[in-house]
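Thanks for coming. I will take a few minutes to walk through one structure, so please have the display open.

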Amino acid sequence: MRNTVLIPTYRRPQDLSRCLLALQEQTKPVDQVIVVVRDTDAETWQFLAQYTAHNLPLHPVKVTQPGVVAALNAGLAAVEGDIVSITDDDAAPHPDWLERIATYFTCDSRLGGLGGRDWIYHGSKLEDESRPVVGQLQWFGRVIGNHHLGVGEPREVDILKGVNMSFRTQALAKPAEGIGQLRFDERMRGTGAQVHFEMAFTLALKRAGWKIIYDPSVAVDHYPAQRFDEDQRNNFNEIAFINLVHNETLVLLEHLPFIRRIAFLFWAVFVGTCDSLGLVQWLRFLPSQGQLAGKKLLASWRGRWQGYKQFKIQNSQFRMRQSLE
């Protein structure tokens, strides 16, 4: 099967160089490498102009709109392979990455998406904990990620992680009867990372009836690099926090049926998680974080409210279109 690797990048040419080197060392040669670059990213354009590809079929794509969603959608429009494998510029796929991916899609015609573990390095220190539960959406709306900690046998999951996810292009072209091309959700907020963009994508694919598998042996090394937007990873930023919770809320309200949707809203407001606080989580973090815990709670509630409003607007527009038809 022909494989395309899609890499969105922004102002991290050294990281991109490591990623491209890892693709050159694949046991199954890559058929197409799409690197999506912002039009204003002079550093990366200069790097690509001087880069020696060494038979790597490099295809740069220019994008003018900020954010990973616009970059990935621009890249998907240029995909020529039967499989598109997405990774980040600050990741380095293991040598057998593409070979394992191709084997999976060749052997299972119902497989729509495949993900694996990203081994996270903080400097030279490897984060080597392990978790058995990965990529699950619980009935009341709690999302369990742990893709960077997954161990065990391959299994079906609900959600993949953007740094290591592959899709059958046939599934994206027509995921289900009556549905056109599947693309990343442009309603996701943020000017860079746009957290939870992959959750919207993989849940839509799963709703269309395609199987999604997580196998820890389909692996990449991940060296989390600097971001150039409001989301600075472990540092609190109110706008980034609100955007994260808005995106999660909108995606889950659209995916969950009515009763589970109500359960999710109550759980989210009164319990929550360490990333999207509710009252219980605020009480948990109050002794150690003080006023910061309060800021996170208020930002979480604002994100929930804004995501709920966006969901209601979309529903109203959908019902209006139906009545006109």
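First, the ground rules. This is a predicted model, in which local features need pLDDT of at least 70 and side-chain atom pairs count only at pLDDT 80 or more, while totals for chains, interfaces and linings use all residues. Residues are numbered from 1 along each chain as its sequence is written, and side-chain values use heavy atoms, with hydrogens and water left out.

Start with Leu6, which is found in strand S1, residues 3-9. Helices (H or I, at least four residues) and strands (E, at least two) are DSSP runs, numbered from the N terminus. Leu6 is buried, with a relative accessible area of 0%. Buried here means under 20% relative accessible area, exposed means over 50%, and partly exposed is in between, using a 1.4 Å probe and protein chains only. What does Leu6 touch, leaving out residues up to four places away in sequence? The list includes Ile34, Val36, Leu72, Leu76 and Ile86, where contact means heavy atoms within 4.5 Å. Leu76 is 70 residues from Leu6 along the chain, and their C-alpha atoms are separated by 7.8 Å.

Next, charges. A search of the whole structure finds 15 salt bridges; that term means a side-chain nitrogen of Lys or Arg within 4 Å of a carboxyl oxygen of Asp or Glu. One of them joins Arg11 and Glu43, with the closest N and O atoms 3.1 Å apart. Arg11 lies in the loop between S1 and helix H1 (13-24) and Glu43 in helix H2, so the pair ties together parts that are 32 residues apart in sequence. Both ends are partly exposed: Arg11 has a relative accessible area of 32%, and Glu43 has 38%.

Asp41 lies in the loop between strand S2 (32-38) and helix H2 (42-50). Asp41 is buried yet has no salt bridge. Which side chain of opposite charge is nearest to Asp41? That is Arg11, 5.4 Å away; in this count Lys and Arg are positive, Asp and Glu negative, and His and the chain ends are not counted. Asp41 does touch Arg11, along with Thr9 and Tyr10, again leaving out residues up to four places away in sequence.

Asp15 is buried at 16%, whereas Arg18 is partly exposed at 28%.

Last, the second largest pocket, with a volume of about 520 Å³. On a 1 Å grid over the protein atoms alone, a pocket is an open set of points where a 1.4 Å probe fits, with protein on both sides within 12 Å along at least five of seven lines, and lining residues have an atom within 4 Å of a point. Of its 21 lining residues, the closest to the centre are Leu182, Asp185, Arg187, Ala204 and Arg207. Which helix gives the most to this lining? Helix H6 does, with 6 residues. Helix H6 (197-207) and helix H7 (238-255) each supply at least two.

That is the end of the tour.

Technical notes:
Grid points are joined across faces, edges and corners, and a volume is the space filled by probe spheres set on the points.
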